[in-house]
Amino acid sequence: MVHTPALTVTLLGTGTSTGVPTIACSCATCTSTDIRDKRLRPSIMVQSSTTTIVVDTTPDFRQQMLMTNTTKLDAVLYTHHHIDHIAGFDDIRCYNFKQEKAMPIYLMQETFDNLKRSFLYAFGYATQIGGGIPQVEVHIIDEQTFMIGDIPVQPIPMLHGNLAVLGFRFGNIAYCTDTNYIGEHSLRLLSGVEILILDALRYAPQHSTHYTVPEAIAVAEQIQPQITYFTHIAHNLKHSDTEAQLPSHIRLAYDGLTLHLPSISAQAS
Ligand SMILES: [Zn+2]
Ligand SMILES: [Zn+2]
Ligand SMILES: [Zn+2]
């Protein structure tokens, strides 16, 4: 029996790697005045009454933390090392200053190896430390469930093209971004989830590392959550037009969307 406290999950960013609007694009989505067509890079925040977790530090991490007025951050989870998921890493410094301690980060070994290559100065190779370097407490994870404060975290192994990445399940909500393959074992780990946040880049053409909308719909139909929200959305998908075509239990996520989940005494995995 794993107790999961009541959780609030906030979509901090729902865009693909470029963000939406995309630089120098004048398409209908990029010029839309609908606030739901403004998408920062993909991330979520998961909060209990005592614990706050962010999944990935995107290039928009600073803006996302300012917009949500996040004055306390207990840990960062990383899905994988692509730049749209790590490039705000340096801004962890602000929490180092405020909280006067290293930030716990949870990631796979391969993700850590790549994070080190991308931020050499933070891992022993700084030639000069002017504004300080991000201080982190590294936790290497695999698929075992672990706790951050009072929140149990179930990693969900997935493939993103050839790259092994992690989704995360928190009680009855799961976040599965940057994937185009969720295997049988991980589908079982997702069994019984009520809310699924799932990668869906665009309708077509098929992509080598992300689900398209039809592929993501098929995955959602396998997992059968009560509601699925698509994320990592490209500018090909205008919010209002796309939602009009989707079944009512499948929606497009948007930046700032906040989901509330009651506490549960056990999770299906
Ligand atoms: Zn991505
Ligand atoms: Zn565009
Ligand atoms: Zn990626």
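**Surface, fold and metal site**

Modeller: The protein exposes about 11,500 Å², and carbon and sulfur atoms supply 52% of that; areas are Shrake-Rupley values with a 1.4 Å probe, and for residues only the protein chains shown count as cover. It's a predicted model, where local features need pLDDT of at least 70, side-chain atom pairs count only at pLDDT 80 or more, and totals for chains, interfaces and linings use all residues. Residues are numbered from 1 along each chain as its sequence is written, chains are lettered from A and ligands numbered from 1 in the order written, and side-chain values use heavy atoms, leaving out hydrogens and water.

Colleague: How much of the protein counts as buried?

Modeller: 55% of the 269 residues, where buried means under 20% relative accessible area, exposed over 50%, and partly exposed in between (1.4 Å probe, protein chains only).

Colleague: Switching topic: what coordinates the zinc ion (ligand 2)?

Modeller: Cys-25 (SG), Cys-27 (SG), Cys-30 (SG) and His-235 (ND1), at 2.1 to 2.3 Å. Donors are N, O and S atoms within 2.8 Å of the metal (3.2 Å for Na, K and Ca), and since water isn't among the atoms, sites may look incomplete.

Colleague: And how are those donors spaced along the chain?

Modeller: The spacing is C-x1-C-x2-C-x204-H.

Colleague: Is Cys-30 buried or exposed?

Modeller: Cys-30 is buried, because its relative accessible area is 7%. Cys-27 counts as partly exposed, because it sits at 24%.

Colleague: Last one: how many helices and strands?

Modeller: Seven helices and 14 strands, taken as DSSP runs numbered from the N terminus: helices are H or I with at least four residues, strands E with at least two.
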